[in-house]
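Good morning, and thank you for coming.

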Amino acid sequence: MAEILRYEHVDIAYNGEVVVQDVSFTLEDGEILGIVGESGSGKSTVIKAAMGLLGPAGQVTRGDIYYKDHDLPDLSPAQIRKLNGPELGMIFQSAGASFCPIRTVGAQLYESMTEHEPVGKDEFNRRAVELLQKIGFDDPQRILNSYPFELSGGMQQRVGIAAAMLLNPKVLLADEPTSALDVSVQKQVVEEMLLVRKTFGTAIVIVTHNIGVIGAMADRVLVMKDGKMVEYGETRQVLERPRELYTQKLMAAVPRLRR
């Protein structure tokens, strides 16, 4: 598989204070990488840096983030905007909060698509219905005609996956996409993200504190603590035979069901 995303010794700061130090990893076509760690470990900051979503106070102060042949921190906001959507997609922690409550889902997805390519409403509707069907919706037209508040939290998150995939990005960055959901809906969201990989060949970076999600999805895992890499390797190796003390403690903290 070909390499599609690479972080090289990346430092990230907010208001001049370094919060992420010396992070390096690679992502290949069709691969799923899980980034795991406790709250405040810098997981979300790492993936937001790729899409230029750190805000005015955030900055990559050292290192490189390569997407194909683009060094992302060196691009202008206009250049990043062109990549975000068709090349790099994002699923946010609470997809419902990213939708406008007084416009239908279809209207918002249409606006998102036309920002990057000219498309008529009929063509958009055909493509949106086809995409929603592919990722498991039985009634896609009803979803497009609905307002966000008419959908459950789980359905909003699933629509968030569809919104991110509308322009068929090569890399999907998922920021805690299951943390606000109950267990049965978490399973549904994980299955749909795996279906996205299978159907479209999309590479995925998923940030989570849920070890179960990492075990179910990821090919490789990166463990973070206090803004630094602790351990990085194949998922089974890291979860079953962790080398570092922090990773061992993290695994020991995962609840186990007794007989």
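This is a predicted model: local features need pLDDT of at least 70, side-chain atom pairs count only at pLDDT 80 or more; totals for chains, interfaces and linings use all residues.

**Salt bridges and a buried strand**

Let me start with Arg241, which is partly exposed, as its relative accessible area is 48%. Arg241 forms a salt bridge with Glu240, and their closest N and O atoms are 3.9 Å apart. Glu240 has a relative accessible area of 51%, and because exposed means over 50%, Glu240 counts as exposed.

How many salt bridges does a search of the whole structure find? The search gives 20. I shall present two further pairs and one network.

Arg62 is partly exposed at 38% relative accessibility, whereas Asp11, at 13%, is buried.

The second pair is Lys43 and Glu176, whose side chains meet in a salt bridge at 4.0 Å, N to O. Lys43 lies in helix 1 (residues 43-50) and Glu176 in the loop between strand 7 and helix 7, so parts that are 133 residues apart in sequence are tied together. Both Lys43 and Glu176 are buried.

As for the network, salt bridges link Glu123, Arg126, Glu130 and Lys134.

I now turn to strand 8. Why can strand 8 be described as largely enclosed by the rest of the structure? Six of its six residues, 203-208, are buried, and therefore the description applies. In a regular strand, side chains alternate between the two faces of the sheet. In strand 8, both faces are covered: Ala203, Val205 and Val207 are buried on one side, and Ile204, Ile206 and Thr208 are buried on the other.

Which strands are joined to strand 8? Strand 3 (residues 32-36) runs parallel to strand 8 and is joined to it by five bridges. Strand 7 (residues 171-175) is also parallel to strand 8, again with five bridges. Val207 of strand 8 is the bridge partner of Ile35, and Val207 is likewise the bridge partner of Asp175.

Finally, please find Thr202, in the loop between helix 7 (183-200) and strand 8. Thr202 is buried, with a relative accessible area of 1%. Leaving aside residues up to four places away in sequence, Thr202 touches several residues, including Gly30, Glu31, Met165, Pro169 and Val196.

Note on methods:
Residues are numbered from 1 along each chain as its sequence is written. Side-chain values use heavy atoms; hydrogens and water are left out. Buried means under 20% relative accessible area, exposed over 50%, partly exposed in between (1.4 Å probe, protein chains only). Helices (H or I, at least four residues) and strands (E, at least two) are DSSP runs, numbered from the N terminus. Two strands pair if DSSP finds at least two bridges between them. Contact means heavy atoms within 4.5 Å.
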